[in-house]
Amino acid sequence: MKTDAILIKNFTLQQLEDWVESVGERRFRARQLYRHLYVRRIRSWDECSDLSKSFQAQLEFGTVLDALSLEEKRTSSDGTVKYLFGLSDGRRIESVLIPDPPRYTLCLSSQVGCALSCRFCLTGTVGFQRNLSAAEIVDQVCRVQQEAGNRFRISNLVFMGMGEPLANYEAVSNAVHILCDPNGMAFSHRRITVSTAGLVPQMERLGRDSPVNLAVSLHAPEDGLRSELMPVNRTYSLGDLLNACRRYPLAPRKRITFEYLLLDGVNDQPRHAKALVKLLHGVKAKVNLIPFNSYPGSEFRRPSEERILAFQEILTGAQLTALVRQSRGFEIGAACGQLAALGKDDPSSRGETEAGHGFFSLPG
Ligand code: SAH
């Protein structure tokens with residue numbers, strides 16, 4: 001890969017206009033480049049006959065088209081596909097495609113590893129390595145769409161892969177800008193969800209900057225237990241977090257999704273469900289219950305089916321929307337909390353199955 005070259009997919013349209021101008025071309029060229037990059041998905045600049053030969057050469061030698069290289073692709077029996085991508089510094093990340101026609105959701109990574117050290121999450125055990133650039137985020141979408149060709153179009157994006165997206169605010173927010181640009185892939189903000197473990201100041205900033213959907217990883221209804229499971233709670237307590245949620249500017253009829261991981265004997269008792277109902281009182285909320293996905297060496301277990309349904313019933317009985325989320329891609333290590341980008345040696349990808357896994361389907 002060229003060193004010192006410009007990663008062109010890092011540029012929002014406005015930044016690209018500035019750059020184009022700085023190399024002596026007219027600003028409108030940036031829109032053409034966006035179309036080539038994100039609509040035509042060119043593989044090389046010589047495919048762009050509407051650009052002068054000299055500009056093509058400048059792009060060819062001065063910029064880098066791909067921020068990622070596809071190293072491995074694994075398909076699960078349920079259709080979920082996990083992509084392992086190599087970065088230019090040799091590090092690796094994963095993206096997960098969840099087909100549910102006509103909906104094709106791509107789960108994006110925002111960091112290599114993660115610094116938050118949630119006790120139940122495999123990505124956390126890798127530790128934090130570095131933030132992804134906007135180009136590395138955007139390219140996850142480009143590369144998977146390229147692979148898909150005309151078979152389907154990615155319809156939804158969720159920042160629920162490796163990393164804490166709001167801890168990499170600039171790059172994530174630029175990537176959202178690029179992905180939503182009407183001259184390029186033209187995603188609607190309503191089809192993008194950013195999930196956070198609860199970085200309160202950045203949640204407030206996101207609400208002001210870009211009207212994407214918000215998901216909050218809650219996992220416990222009281223501070224003591226939440227701090228034990230998620231150290232970030234020692235910085236931003238449940239009170240602060242819920243206040244930020246109440247203030248989040250939601251579009252009409254929109255709600256915040258609260259992810260609640262169910263851990264056997266830890267946070268899955270009826271009293272936890274009742275406390276959760278109380279906590280979310282007055283918040284425009286829906287709850288996704290995620291039974292724990294195990295991996296070798298994990299200290300937690302998934303609760304029994306009865307326990308999961310009993311928990312759900314307490315929530316729905318209190319008029320709270322609560323779905324049990326089918327976690328897909330379990331046997332290829334692509335389910336929630338299983339991403340560690342270890343490739344073929346990934347211990348979570350050995351194909352273990354677990355009683356009860358895949359039993360639940362998405363209600364509604
Ligand atoms: N850092 C962000 C984005 C990651 S989203 C966040 O925390 O929201 C991934 C989701 O999967 C989070 O809700 C996370 O808490 C959850 N998760 C982590 N480990 C899991 C596991 N082993 N089983 C099921 N869900 C898990």
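**The domain interface**

A: The size of an interface is often given as the accessible area lost when the parts come together. Here domain 1 and domain 2 bury about 1,300 Å² between them, 57% of it from carbon and sulfur atoms; this is the accessible area (1.4 Å probe) lost on being put together, summed over both parts. In domain 1, K9, Y38 and R41 lose the most area to domain 2, together 44% of what that side buries. This is a predicted model: local features need pLDDT of at least 70, side-chain atom pairs count only at pLDDT 80 or more, and totals for chains, interfaces and linings use all residues. Residues are numbered from 1 along each chain as its sequence is written, and side-chain values use heavy atoms, with hydrogens and water left out.

Q: Where do the domains run in the chain?

A: Domain 1 covers 6-64 and domain 2 covers 68-353, with bounds from an automatic or database domain assignment. The contact (heavy atoms within 4.5 Å) takes 15 residues from domain 1 and 17 residues from domain 2.

Q: How many salt bridges cross the interface of domain 1 and domain 2?

A: A salt bridge is a side-chain nitrogen of Lys or Arg within 4 Å of a carboxyl oxygen of Asp or Glu. The rule finds 1 across this interface. D139 forms a salt bridge with K9, with 2.6 Å between the closest N and O atoms.

Q: Which residues do ring pairs link into a cluster?

A: A pair of aromatic rings is described by the distance of the centres and the angle of the planes. Rings of Phe, Tyr and Trp (its six-membered ring) pair if their centres lie within 6.5 Å; planes under 30 degrees apart count as stacked, over 60 as edge-to-face and the rest as tilted. The structure holds 7 aromatic pairs, and ring pairs join F292, Y295 and F300 in a cluster.

Key
Buried area = accessible area lost by both parts, 1.4 Å probe.
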